[in-house]
Amino acid sequence: MNPARLHKIQEGVPGNGPVVYWMSRDQRVGDNWALIHAQETALQMERPLVAIFCLSTSFLGAAARQYLFMLEGLAEVEKGLGRLDVDFILLFGRPGDRIPRYLENVDASLLVTDFDPLKVKARWRLEVARTVRVPFHEVDAHNVVPCRRVSDKAEYGAYTIRPKIERLLDEFLDPFPRLKKHPYPFIGSRRSVDWSAAAEGLEVDSFPGKVDWIKPGEVEAKKALRKFIKTGLASYGESRNDPNLNGQSNLSPYFHFGHLSAQRAAMEVLASKAPDQARRDFIEELVIRRELADNFCLYNRHYDSVEGFPNWARQTLADHHEDPREYFYEMDLLDRGKTHDELWNAAQLQMVKTGKMHGYARMYWAKKILEWSPNPESALAAAIHLNDRYSLDGRDPNGYAGVAWSIGGLHDRPWKERPVFGKIRYMNLKGAKRKFDVERYVKTWAGEAKED
């Protein structure tokens, strides 16, 4: 493994037991640099290898939809690790309590975990590090170019981070070594996880429930990647911005839950026979934009508040704080897609029904929430709440960065000044109608609601 992927949280004192991989963001067996590093170290130390996942019974507004998708993927992880003679342990509760206790019980020699820029994950890592004495390593298995290696500060936009990533890209498109059957068995209480009991123990809303258009797990994720490359990549640049076309890759839930490696996707796309421009367009979204979002969340701890907006954006929104709003909508009406704007309703209902919203529609959706809210603070809170509750890939750096771009000018520039928006980029229905067939989109997703 390229050592630039490794961040040593603490040196520590090794125990005599297994190397423990604390799986969190990257929920897969294959193409997983964190697991590769854990096994390489365990082989060098001649120690057993154990993977653990600590299941918090609630997480940032996620509902049954997201938890059930995750649990099905983790059940596949358990089987995959079993074929490598690596135990998988599902812990329940707060990581800061459960993980130190587990490490002490097995006299762990090393703890390895995934990189994740979100504050809640950073807090969990800090709580664990304060309690345990063993060496503690973090590995960036999520980004193609490790986030900490790309930059040591928050970048202004894609135009500043792009050259930094492009200079390093070839170095980090290195092949994944194959995991081995682990030769040092863990003498512990191996037993299968009761996944039904795990689901029943969740403290989350049963609505929204499962979706049926996508199946979880790394096997299905790789199938979806191959299908996209074969049937969708060539036209990606032309069709991805039309919400009526199935022109996007639909891989974002797999990247969010770590069922698919972004590096694997990048390598297969770059090796494909698709047109050069199509490949460049996809790599821009997959690598540059995704890693810009991770950069934002890592270096801006206010990524989920107005304080995280650029200074010019905060100022212009403050200047227009008292501007009259033509419409106000409470959360209940937003949640049910019951506004006067049929395009907005359709976008909301697409997300409610499928766990996904088209990217162009999402920008319009978030900007209208700003227009209909008493202030930017409540607009941002509403957009994050709805996205995190309904989207499969909510609670993600991409989501926080996308909402901050729409409402707070993140990674953007000042535009023509308008009421309410100030100099924040504006979007309206007329502009949307020039981009795509709005009536068709509304009929697809809000037809039932119009009849209510």
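A disulfide here is a pair of cysteine sulfur atoms within 2.5 Å. With that cut-off, a search of the whole structure, which is a predicted model, finds 0 disulfides.

Take Cys147 as a case. Cys147 counts as buried, because its relative accessibility is 4%. Cys54 is also a buried residue, at 6% relative accessibility.

Now to the helix packing around α17. Helix α17 covers residues 376-390, and helix α15 covers residues 342-354. These two pack at an angle of about 35 degrees, and their axes are 8 Å apart. On the α15 side the contact uses Gln348, Met351 and Val352; on the α17 side it uses Leu386, Asn387 and Tyr390. By class that is 4 nonpolar residues, 2 polar and no charged.

The other partner to show is helix α16, residues 359-371. What is the angle between α16 and α17? It is about 140 degrees, with the axes 8 Å apart. The angle therefore makes α16 oblique to α17. The crossing of α16 and α17 is right-handed. From α16, the residues in contact are Arg362, Trp365, Ile369 and Leu370. They meet Pro376, Ala379, Ala382, Ala383, Leu386 and Asn387 of α17. This contact has 8 nonpolar residues, 1 polar and 1 charged.

Definitions and conventions: Residues are numbered from 1 along each chain as its sequence is written. This is a predicted model: local features need pLDDT of at least 70, side-chain atom pairs count only at pLDDT 80 or more; totals for chains, interfaces and linings use all residues. Side-chain values use heavy atoms; hydrogens and water are left out. Buried means under 20% relative accessible area, exposed over 50%, partly exposed in between (1.4 Å probe, protein chains only). Axes are lines fitted to C-alpha atoms, for helices over the stretch in contact, and angles run from 0 to 180 degrees between N-to-C directions. Helices (H or I, at least four residues) and strands (E, at least two) are DSSP runs, numbered from the N terminus. Contact means heavy atoms within 4.5 Å. Ala, Val, Leu, Ile, Met, Phe, Trp, Tyr, Cys and Pro count as nonpolar, Asp, Glu, Lys and Arg as charged, and the others, Gly among them, as polar. Angles under 35 degrees count as roughly parallel, over 145 as roughly antiparallel, 65 to 115 as roughly perpendicular and the rest as oblique. A crossing is left-handed if the near helix is turned anticlockwise from the far one by less than a right angle, and right-handed if clockwise.
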